[in-house]
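The sequence and the coordinates are placed below for reference.

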Amino acid sequence: MKLAAFLLICASLILGVIASVTAYLPPLSLGHARLEGLTLNAPAGAVLDDAGKPSSTPLLRSGAKLTAENLSTLGNAGVKRVRVKEFSFARWPEWWLFLIACAGLGAGAFIIKRENRLAVERAAAGAGVNTGPGPDQAFANLCAQVDQLRTDLKSASTPDDRLRLILERLSEAQNTSIAAFIAARPILISRLGVGGYARLMDTFAAAERQINRAWSAAADEVEHESLTCIEQAASLLEATKGRLSA
C-alpha cells in the first residue's frame, strides 16, 4: 500500500504542476467579455514578416491591456492563450485538475500515515510478547541503578573503589536497562505518538550521554568529571520520568 500511496502522490504532484501552469494562461475561447481589461504579463502573438512567417516582434507587448480589438487581432493570428497578471478561478479551465491533484495528495498522505501507524502497532504487538522488561520497568530499573550507585559512592572509601564501582554499575546499566528501553521504541511510539516519543527521547538521550561520559571519565580515572556526569544524568532521568508517564 505504501508503494501505491507514493505513486499516487507523485502522480498528483505532476498533475498539480501541469494544472497550475495554466492558472494565469486563460484561453481566448473564454470570450472577450471575460478577458477584456486584463493585463498581459508576457508578449502575445507575433507580427508576420514579408514572407508571411512569424517574426520576433510580438503583436502585443507585456503590460498591454486586453481590449476587444486586441483580442480579435490575437484570435485572427492563431493565438490560443495569453499570459495575464490577474488570477481568477472563472478564467482557469483546468481548476478541477488541480483539485483532483490536491485530493490525491491528501489521500496518499492519509494512506502512508495509516500504514505507518499499523506498522508501529504490529511492531508493538510483537514486542509485547517479548519476555524482557517493558519500557516502564526498564526505565525504573535504570533510575534505581543510578540512585543506588550515587548512594554507594558516598560510602566508598578510596578513589579507586569509586571508579571501579562506577565502571561496574554503569556497564551493567548500559547493557541491561538502557538497551531494553531503547529496544522498546515501537511500544513507546504506539503509546506516545511520534511527537511524544521525540520529546521523551530528547531528555532520555541526554541522560544516556551523561552516563556514557561518566563511564568514559571513570575509565580515564577523572573522578570529579565522572561524578558530575552521574549527577546530571540523575537530574535528566527525573525530567524524563514525567514525559514517560504523560
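**Entry 1: α6 and α7**

I began with the direction of two helices and noted that α6 and α7 are roughly antiparallel to each other, a label given to angles over 145 degrees, whereas angles under 35 degrees count as roughly parallel, 65 to 115 as roughly perpendicular and the rest as oblique. The axes of helix α6 (residues 159-183) and α7 cross at roughly 165° and come within 11 Å. I took the axes as lines fitted to C-alpha atoms, for helices over the stretch in contact, with angles running from 0 to 180 degrees between N-to-C directions. Helices here are DSSP runs (H or I, at least four residues), numbered from the N terminus.

I recorded the crossing of α6 past α7 as left-handed, a term used if the near helix is turned anticlockwise from the far one by less than a right angle. In the contact of α6 with α7 I found 18 nonpolar, three polar and two charged residues. In this division, Ala, Val, Leu, Ile, Met, Phe, Trp, Tyr, Cys and Pro count as nonpolar, Asp, Glu, Lys and Arg as charged, and the others, Gly among them, as polar.

I kept in mind that the model is predicted, that local features need pLDDT of at least 70 and side-chain atom pairs pLDDT 80 or more, and that totals for chains, interfaces and linings use all residues. Residues are numbered from 1 along each chain as its sequence is written, and side-chain values use heavy atoms, with hydrogens and water left out.

**Entry 2: α5 and α6**

I next looked up helix α5 (residues 135-155), whose axis comes within 9 Å of that of α6 and crosses it at roughly 175°. That angle makes α5 roughly antiparallel to α6. Among the α5 residues that meet α6 I listed Phe139, Leu142 and Leu149; the α6 side includes Leu165, Ile166 and Phe181. Contact means heavy atoms within 4.5 Å. The residues of this contact divide into 13 nonpolar, five polar and four charged.

**Entry 3: α6 and α8**

Are α6 and α8 parallel or antiparallel? I found their axes crossing at roughly 30° and coming within 11 Å, and α6 and α8 are therefore roughly parallel to each other. The crossing of α6 past α8 is left-handed. Pro159, Arg162, Leu163, Ile166 and Phe181 of α6 make the contact with Glu223, Ser226, Leu227, Ile230 and Leu244 of α8. I noted seven nonpolar residues, one polar and two charged in the contact of α6 with α8.

**Entry 4: salt bridges**

How many salt bridges are there? I recorded a count of twelve, where a salt bridge is a side-chain nitrogen of Lys or Arg within 4 Å of a carboxyl oxygen of Asp or Glu.

I examined Glu94 and Arg81, which form a salt bridge with their closest N and O atoms 2.6 Å apart. Both lie in the loop between α3 (68-76) and α4 (95-128), 13 residues apart. Glu94 counts as buried at 16% relative accessibility, and Arg81 is partly exposed at 32%. Buried means under 20% relative accessible area, exposed over 50%, and partly exposed in between (1.4 Å probe, protein chains only).

I then turned to Arg164 and Asp161, whose closest N and O atoms are 3.7 Å apart in their salt bridge. Both lie in α6, three residues apart, about one turn of the helix. Arg164 is partly exposed at 42%, as is Asp161 at 27%.

For the salt bridge of Asp202 with Arg243, I noted closest N and O atoms 3.9 Å apart. This pair links helix α7 to helix α8 (residues 223-244) across 41 residues. Arg243 is partly exposed, with a relative accessible area of 34%. I also recorded a network of salt bridges linking Asp147, Arg150 and Glu231.

**Entry 5: single residues**

Gln210 belongs to helix α7 (residues 185-219) and is buried, with a relative accessible area of 12%. Not counting residues up to four places away in sequence, I found Gln210 touching Cys229, Gln232, Ala233 and Leu236.

Gly196 also lies in helix α7 and counts as buried at 13% relative accessibility. I noted a separation of 8.7 Å between the C-alpha atoms of Gly196 and Leu244, which are 48 residues apart along the chain.

Glu221 is in the loop between α7 and α8 and is exposed, with a relative accessible area of 62%. I recorded a positive phi of about 65° for Glu221, although it is not a glycine.
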